[in-house]
Amino acid sequence: MAEPVGSYDIDPQTGEIRATHTDAAGITTTMRAGEAVEARFPEPFTAYPSAKITNTTRVEQGEGAFVTVEFTSPDPRKQIVEFYRAQAKEAGIDPDIEIDGGETTTLGGENLDVKTSFALQVTRVGDVTEGQLSVASGFD
């Protein structure tokens, strides 16, 4: 077995964080986080159409990917929740977590057969909906 190795750096221009780690078994995990990191979700998930993405964290390991995106949108939270509910159903996920409280909605679930899970939290703040979506796929 090899010795684990890794790297971690922060781009001084953009503030983007990049990290790589290869474990003793030779499995490499990469992570990128920042405002300019591309929001590439595991299919069928996509960014909300009117969303302004404010931060993305993407972790990849082999075929697995975990993505968290923070965003804002002028659209009502119910509309955003229904958009992601439809994408979850397309992924074979029947959301089993749904909590509505005050101005915040949390929605989430998983499909163990295809190793995909998601969690959405959206909050209405004045004229803007702030949200965070996390999707994981392909991890054992």
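Which residues have the most contacts inside the largest nonpolar core?

1. This is a predicted model. Its largest nonpolar core has 18 residues. Those with the most contacts inside it are Phe-41, Phe-45, Phe-71, Tyr-84, Phe-118, Leu-120 and Leu-133. Two or more residues each come from strand S5 (64–73), helix H1 (77–90), strand S8 (116–125) and strand S9 (128–137). H1 gives the most, with four residues.

2. Take Phe-41 next. Phe-41 sits in the loop between strand S3 (28–34) and strand S4 (52–61). Its relative accessibility is 12%, so Phe-41 counts as buried, the cut-off being under 20%. Leaving out residues up to four places away in sequence, Phe-41 touches Thr-46, Ala-47, Arg-58, Val-67, Val-69, Leu-133 and Val-135. Phe-41 and Ala-136 lie 95 residues apart in sequence, with C-alpha atoms 8.5 Å apart in space.

3. Tyr-84 is buried as well, with a relative accessible area of 1%. Beyond residues up to four places away in sequence, Tyr-84 touches Phe-45, Thr-46, Ala-47, Tyr-48, Phe-71, Leu-120 and Leu-133.

4. Now the aromatic pairs. The whole structure holds three of them. In one, Phe-83 and Tyr-84, the ring centres are 4.9 Å apart and the planes stand at 85 degrees. Why is this pair edge-to-face? The cut-off is over 60 degrees, so an angle of 85 degrees makes the pair edge-to-face.

5. Phe-83 is partly exposed at 23% relative accessible area, whereas Tyr-84 is buried at 1%. Together with Tyr-48, Phe-83 and Tyr-84 form one aromatic cluster.

Key
Residues are numbered from 1 along each chain as its sequence is written. This is a predicted model: local features need pLDDT of at least 70, side-chain atom pairs count only at pLDDT 80 or more; totals for chains, interfaces and linings use all residues. Side-chain values use heavy atoms; hydrogens and water are left out. Rings of Phe, Tyr and Trp (its six-membered ring) pair if their centres lie within 6.5 Å; planes under 30 degrees apart count as stacked, over 60 as edge-to-face and the rest as tilted. Buried means under 20% relative accessible area, exposed over 50%, partly exposed in between (1.4 Å probe, protein chains only). Contact means heavy atoms within 4.5 Å. A nonpolar core is a set of buried Ala, Val, Leu, Ile, Met, Phe, Trp, Tyr and Cys residues joined through side-chain atoms within 4.5 Å.
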